[in-house]
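Q: Could we go through this structure together, starting with how its helices pack and then turning to the ligand?

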Amino acid sequence: MNSEISYVHPSADSPWGTYLSQVDRVVPYLGGLARWAETLKRPKRALIVDVPIEMDDGTVAHFEGYRVQHNMSRGPGKGGVRFHPQVTLEEVMALSAWMTVKTAAVNLPFGGAKGGIRLDPKKLSQNELEKVTRRYTSEIGIIIGPNTDIPAPDVNTNAQIMAWMMDTYSMNVGGTATGVVTGKPLHLGGSLGRVKATGRGVFVTGREAARRLGLDLRGARIAVQGFGNVGSVAAELFAEAGARIVAVQDHTGTIFNGDGLDLAALIPVAREDGLAGFNGGKVIDTEAFWDVPCDILIPAALEGQITAERALKTQAKLVLEGANGPTVPAADDILAERGVLVVPDVICNAGGVTVSYFEWVQDFSSFFWDEDEINVRLDRIMMNALNQIWDTADRHKITLRTATFAVACERILMARQERGLYP
Ligand code: NAD
């Protein structure tokens with residue numbers, strides 16, 4: 001039915017194809033709600049915008065931007081904005097859909113959305129970056145808002161970009177609207193704990209998974225792909241718990257040190273110039289990263305990184321998906337067959353959106369919490385969600401990914417059913 005719609009049959013390993021296959025796997029566990037499952041396979045709304053700006057050299061450049069609202073049955077759309085040269089509409093659709101599942105998995109009163117602009121931010125000056133952010137915000141301003149859809153940071157976007165987005169939206173509506181984005185600077189309605197929240201959630205869920213596997217974190221060897229906001233914070237927390245970060249990869253290179261990398265020295269270098277400039281480890285091939293001796297693998301870069309071939313190679317017993325969509329479906333099956341436990345993105349990296357929710361609540365009430373309170377609440381929400389997912393996985397004898405989808409999709413489709421179809 002409706003097979004003329006191009007996004008119904010994407011390639012299997014593309015982000016949207018990966019997401020659709022994950023939905024297909026959960027349908028048998030949805031009981032009577034399966035009737036509504038098609039809802040999950042279609043974004044509610046997708047906006048493509050032209051973002052023209054005058055560059056510093058006087059030329060005019062056009063960038064393509066997107067905002068996709070996948071599902072808002074349970075509340076306003078929520079999801080980050082990515083600046084990357086490979087951003088496509090289909091990728092943003094998949095990222096928005098994973099947000100729908102993620103917000104439901106941790107039971108936040110949000111739906112799922114995502115945005116992006118196809119550009120390489122490293123090639124833009126600060127002035128150009130500000131212009132592109134402001135024009136994009138203005139263009140998507142017709143569908144975002146504190147009660148409708150609330151963007152946040154993602155790959156290559158940060159608190160400064162959120163401040164420009166908040167200011168632009170506020171100028172257009174004629175009043176300061178702090179609740180329109182999360183991940184803002186602290187003095188502009190941001191929340192304590194937001195910067196580290198996603199990495200912290202990876203750590204909290206990973207620590208519990210390791211405990212259940214009988215894997216002692218003290219001395220455990222960890223390989224991390226992607227050393228930005230998510231990867232570097234998760235690495236720091238695992239290192240504090242006694243683990244050794246033996247391999248790290250970013251877009252500039254891969255380094256290995258079997259005794260454990262010195263993170264205090266590595267993090268500032270990685271932030272400035274990328275890992276390739278660090279001399280405290282051995283530089284290895286990109287592909288060699290995937291079979292380094294390790295106990296835990298943390299993909300924290302982009303989608304589609306764990307292919308079938310890499311899933312066959314990995315020596316890890318536990319995979320913690322910091323990134324969104326890092327494992328293609330065929331690799332998921334191989335990891336399951338090989339007995340490698342995967343804590344899926346839709347619960348593993350939900351710490352960021354959980355503290356974004358806290359930020360949004362604090363903005364609305366204009367009352368701000370201290371960091372301890374944030375971290376205690378974050379840990380509690382993540383642990384409750386993970387335990388429920390684990391029970392579901394044990395009951396049906398399914399993977400944690402399908403169990404997370406089962407818990408989340410039941411909530412989403414129950415909301416859909418109770419609201420009924422309009423008109
Ligand atoms: P970031 O921009 O801070 O860091 C991205 C990292 O990935 C960088 O170290 C970069 O060098 C590396 N990278 C990019 N391309 C690579 C490649 N081809 N090979 C190896 N490394 C590569 O981004 P982030 O916020 O840390 O996000 C990372 C992942 O986590 C994304 O999938 C994002 O969607 C997901 N995520 C982020 C958040 C958040 O709060 N920031 C929340 C949930 C999920």
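A: Helix 5 passes helix 11 in a right-handed crossing, meaning that the near helix is turned clockwise from the far one by less than a right angle. Helices here are DSSP runs (H or I, at least four residues) and strands likewise (E, at least two), numbered from the N terminus. The model is predicted: local features need pLDDT of at least 70, side-chain atom pairs count only at pLDDT 80 or more, and totals for chains, interfaces and linings use all residues. Residues are numbered from 1 along each chain as its sequence is written, and side-chain values use heavy atoms, with hydrogens and water left out.

Q: At what angle do the axes of helix 5 and helix 11 cross?
A: The axes of helix 5 (residues 194–213) and helix 11 (residues 351–365) cross at roughly 145° and come within 6 Å. Axes are lines fitted to C-alpha atoms over the stretch in contact, with angles from 0 to 180 degrees between N-to-C directions.

Q: Which residues in helix 5 meet helix 11?
A: Arg194, Ala197, Thr198 and Gly201 meet residues of helix 11 including Gly351 and Glu359, where contact means heavy atoms within 4.5 Å.

Q: Now the ligand: which residues come nearest?
A: Asp154, Thr198, Phe227, His251 and Asn324 come nearest, of 22 residues around the ligand, each with a heavy atom within 4 Å.

Q: What lies 2.9 Å from an oxygen atom of the ligand?
A: A polar side-chain atom of Arg82 does, and so does a polar backbone atom of Val230.

Definitions and conventions: Polar contact = N/O pair within 3.5 Å; in protein donor to acceptor, adjacent residues only side chain to side chain.
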